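Welcome! Here is a short briefing to read alongside the sequence and the 3D view. Please have a look at both before going on.

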Amino acid sequence: MSSVPRTSILADGRPLGLADVAPGLAAAQAAFQQVAYPGQVDLVTRELVRILSGRLAHCTICRNLRLNAAVKRGFEESMTDHLEDPENGDLTDRQRAALRLANAFFDDPAGYPADARAELAANFAPDEAAELLLDLIRFRPGSKLTVAAGTEPASDELIFQ
Amino acid sequence: MAQLRPEYGAALQAVETELWAQDVLDPVSLELCRLRIAQLLRCDEALAERTPAAVAAGLDEGMVDGLSRWATDDRFDARLRACLGYAEQLLIDAQGVTDEHAAAVIAAIGEGGFLVLTYGCGLFETTQRARLVLGAGRQPT
């Protein structure tokens with residue numbers, strides 16, 4: 001992990017970022033984030049998938065960020081104990097199905113098993129499943145940029161936002 | 001997939017459009033990295049495609065043929081090797097990018113190129129993973 005920026009520090013104290021070099025791309029990325037919410041899938045399930053994505057990308061910000069809106073809707077920290085092995089956690093069928101999708105996505109997407117696919121279809125309408133996949137597409141590029149650019153925070157503590 | 005959540009899908013498409021429209025990293029380097037990621041993920045569908053911007057910029061199919069040998073193939077210069085090595089490292093583990101590695105990439109393609117390539121490689125990876133998880137990315141063997 002590096003919390004020392006690998007790009008130049010600008011006059012305002014910020015490290016050079018994507019918005020400074022490719023403003024159109026950065027604006028599109030920001031719009032991609034904005035349009036993601038509120039969405040169709042419940043926020044707690046999406047939060048679990050987001051945290052798992054951050055963990056697997058080893059991104060300090062993403063794995064530690066907790067959305068207050070999800071906490072208000074029932075997210076509890078104990079839910080994150082079994083993100084990688086959801087069958088062992090005290091999770092709903094819907095949460096398990098979403099996490100099995102996410103684990104397959106990052107581990108062996110071509111090997112996503114038929115029973116997990118059926119479980120997903122049983123718990124999510126097609127537009128909801130599409131939303132989960134779009135979330136999975138969206139999370140990691142920003143995480144990797146944060147990690148590789150050395151803009152992770154030095155501390156490894158939960159961040160509520 | 002994108003049609004099922006049109007607004008969200010359109011936002012993804014806009015990101016992809018802007019990635020290829022930016023002017024800090026050339027489309028051929030970006031395309032070769034996209035194709036290398038497709039090789040490593042075995043996403044045949046993505047590997048078979050060519051991004052029009054890269055083709056228009058002179059993408060050499062001979063280089064695509066030699067892509068898996070980029071480290072030793074003379075057609076790949078130091079700049080492209082820096083990009084491809086970085087793309088591979090990002091795919092395997094972004095935490096494994098060292099200060100020295102990042103500095104070498106920045107020396108090759110500039111800070112802007114480094115930032116765009118980093119984001120772009122992440123996007124190539126996840127869009128290809130989505131195809132694979134949907135069962136659409138890999139041809140039957």
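In this predicted model, C33(B) touches C83(B), L84(B), A87(B), L117(B), C121(B) and F124(B), leaving aside residues up to four places away in sequence. C33(B) and C83(B) are also the residues with the most contacts inside the largest nonpolar core.

**The nonpolar core**
- The largest nonpolar core has 89 residues.
- Helix α7(B) provides the largest share of this core, with 15 residues.

**Two helices of chain B**
- Helix α6 of chain B covers residues 78–92, and helix α7 of chain B covers residues 99–133.
- Their axes lie 9 Å apart, and the two helices pack at an angle of about 45°.
- α6(B) and α7(B) are therefore oblique to each other.
- The crossing of α6(B) past α7(B) is right-handed.
- From α6(B), the residues making the contact include A82(B), C83(B), Y86(B) and A87(B).
- From α7(B), they include A104(B), A108(B), L117(B) and C121(B).
- By type, the residues of this contact between α6(B) and α7(B) are 13 nonpolar, four polar and two charged.

**Where the chains meet**
- Chain A brings 40 residues to the contact between the chains, and chain B brings 39 residues.
- On the side of chain A that touches chain B, α1 (18–21), α2 (23–35), α6 (93–107) and α8 (126–148) of chain A each supply at least two residues.
- α8(A) gives the most to that side, with 14 residues.
- That side of chain A is made up of 28 nonpolar, seven polar and five charged residues.

Conventions
Residues numbered from 1 in each chain as written. Chains lettered and ligands numbered in written order. Predicted model: local features only at pLDDT ≥ 70, side-chain atom pairs only at ≥ 80, totals over all residues. Contact = placed C-beta atoms within 7 Å. Helix = DSSP H or I, 4+ residues; strand = E, 2+ residues; numbered from the N terminus. Nonpolar A, V, L, I, M, F, W, Y, C, P; charged D, E, K, R; others polar. Axes fitted to C-alpha atoms, helices over the stretch in contact; angles between N-to-C directions. Parallel < 35°, antiparallel > 145°, perpendicular 65-115°, else oblique. Left-handed = near helix turned anticlockwise from the far one by under 90°. Core = buried A, V, L, I, M, F, W, Y, C linked by C-beta atoms within 7 Å. Buried ≥ 20, exposed ≤ 12 C-beta atoms within 10 Å, placed from the backbone.
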